[in-house]
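Please examine the sequence and the structure below before reading the points.

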Amino acid sequence: DDAVHTAQAFSCALGTGAPTWLAVARVGSNCVLSNSRAIVDADVGAPVATVNVIDGNGGSGARVVNLVVGNVNDAPAFAADAPAQGSNVAATENVELTRAFTITDDDLLVPSSPESVSVTLVDGPPGMTLGTSPAGGNAIAVALAFTPSNDQAGQSFPVVVRLDDGEAQTQRSFTVSVTNV
């Protein structure tokens, strides 16, 4: 009888191996799944969970649930150690200027499909170079190098660095001013 069945006490529980962010609760006569915390890039994939139902009278049942957690693109970003937008970086004639900073992109952490980020020197003085290397986790180390010549002394040069992950771009503009010695 349905009236007797729905009046019975039962509980819901996740089986072993369920994602740590998954929660289950009894709502009326149903077991309802929800996320117990915000989903992050490391959660992307197709986890499997088992929902166990225990009726309190020795009866139980289980249902396997296949989940799909898709990724939403996170734009690459300049970390706090990068030259500020619109700032001025001082350089001295015939002295190498090196500026190391970090960029981040949380999508570098996606286990099922990590993306790559290109870092490009779009504009800068003649002779300025840009290099990159992995910095671990979601970070990439960037190094700008520039040795101003005598001809560049007393001048200011716009510098533009662009980050591109194939879906989103971010860029930072600042100025390098060369002091004459």
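The structure is a predicted model. An open sheet of 4 strands, paired in the antiparallel sense, has the order β6-β8-β11-β10. The largest nonpolar core has 21 residues, and the model holds 2 aromatic pairs.

**The open sheet**

- Strands of a sheet pair through backbone hydrogen bonds, and the pairing may be parallel or antiparallel.
- A77 has T104 as its bridge partner in β8.
- Strands β8 and β11 run antiparallel and are joined by 8 bridges. Here T102 stands opposite A141 of β11.
- Strands β10 and β11 are also an antiparallel pair, with 6 bridges. In this pairing T129 stands opposite A145 of β11.
- A hairpin is formed by β10 and β11, with 4 residues between the two strands. G136 lies in the turn and has a positive phi of about 90 degrees.
- Strand β11 is largely enclosed by the rest of the structure, because 6 of its 8 residues are buried.

- Strand β7 (residues 88–92) has a covered face with V89 and A91, and an uncovered face with N88, A90 and T92.
- Strand β7 runs parallel to strand β13 (residues 169–179), and 5 bridges join the two.
- The bridge partner of A90 in β13 is S177.

**The nonpolar cores**

- Which residues touch the most other members of the largest nonpolar core? They are F78, F101, I103, V119, V161, F174 and V176.
- Strands β7, β8, β11, β12 and β13 each supply at least two residues of this core.
- V161 has contacts beyond its neighbours within four places in sequence, among them F78, V119, L121, L130, L144 and F174. Its contacts also include T120, T170, Q171 and R172.

**Aromatic rings**

- What kind of aromatic pair do F78 and F101 form? The pair is tilted, with 6.2 Å from centre to centre and 35 degrees between the planes.
- F78 belongs to strand β6 (residues 77–78) and F101 to strand β8 (residues 97–104), so their pair ties together parts that are 23 residues apart in sequence.
- F78 and F101 are both buried.
- The pair of F146 and F157 is edge-to-face, because the ring planes stand at 75 degrees, with the centres 6.3 Å apart. Planes over 60 degrees apart count as edge-to-face.
- F146 lies in strand β11 (residues 139–146) and F157 in strand β12 (residues 156–164), so this pair ties together parts 11 residues apart in sequence.
- F146 is buried, as is F157.
- A charged group also meets a ring in this model: the charged end of R26 sits over the ring of F10, 4.0 Å from the ring centre.

**Residue S177**

- S177 lies in strand β13.
- Is S177 buried or exposed? S177 counts as buried, because its relative accessibility is 17% and the cut-off for buried is under 20%.
- The side chains of S177 and S156 are joined by a polar contact of 2.9 Å.
- Setting aside neighbours within four places in sequence, S177 is in contact with N88, V89, A90, A91, Q155 and S156.

**Residue D74**

- D74 is placed in the loop between β5 (60–66) and β6.
- D74 counts as partly exposed, because its relative accessibility is 27%.
- Which residues does D74 touch, not counting those up to four places away in sequence? They are D41, D105, D106, D107, E115 and D165.
- D74 and D106 are 32 residues apart in sequence, while their C-alpha atoms are 6.2 Å apart in space.

Notes. Residues numbered from 1 in each chain as written. Predicted model: local features only at pLDDT ≥ 70, side-chain atom pairs only at ≥ 80, totals over all residues. Heavy atoms only, no water. Phe/Tyr/Trp six-rings, centres within 6.5 Å; stacked < 30°, edge-to-face > 60°. Buried < 20%, exposed > 50% of the residue type's maximum accessible area, 1.4 Å probe, protein only. Lys NZ or Arg CZ within 6 Å of the ring centre and 35° of its normal. Pairing = 2+ DSSP bridges. Contact = heavy atoms within 4.5 Å. Core = buried A, V, L, I, M, F, W, Y, C linked by side-chain atoms within 4.5 Å. Polar contact = N/O pair within 3.5 Å; in protein donor to acceptor, adjacent residues only side chain to side chain.
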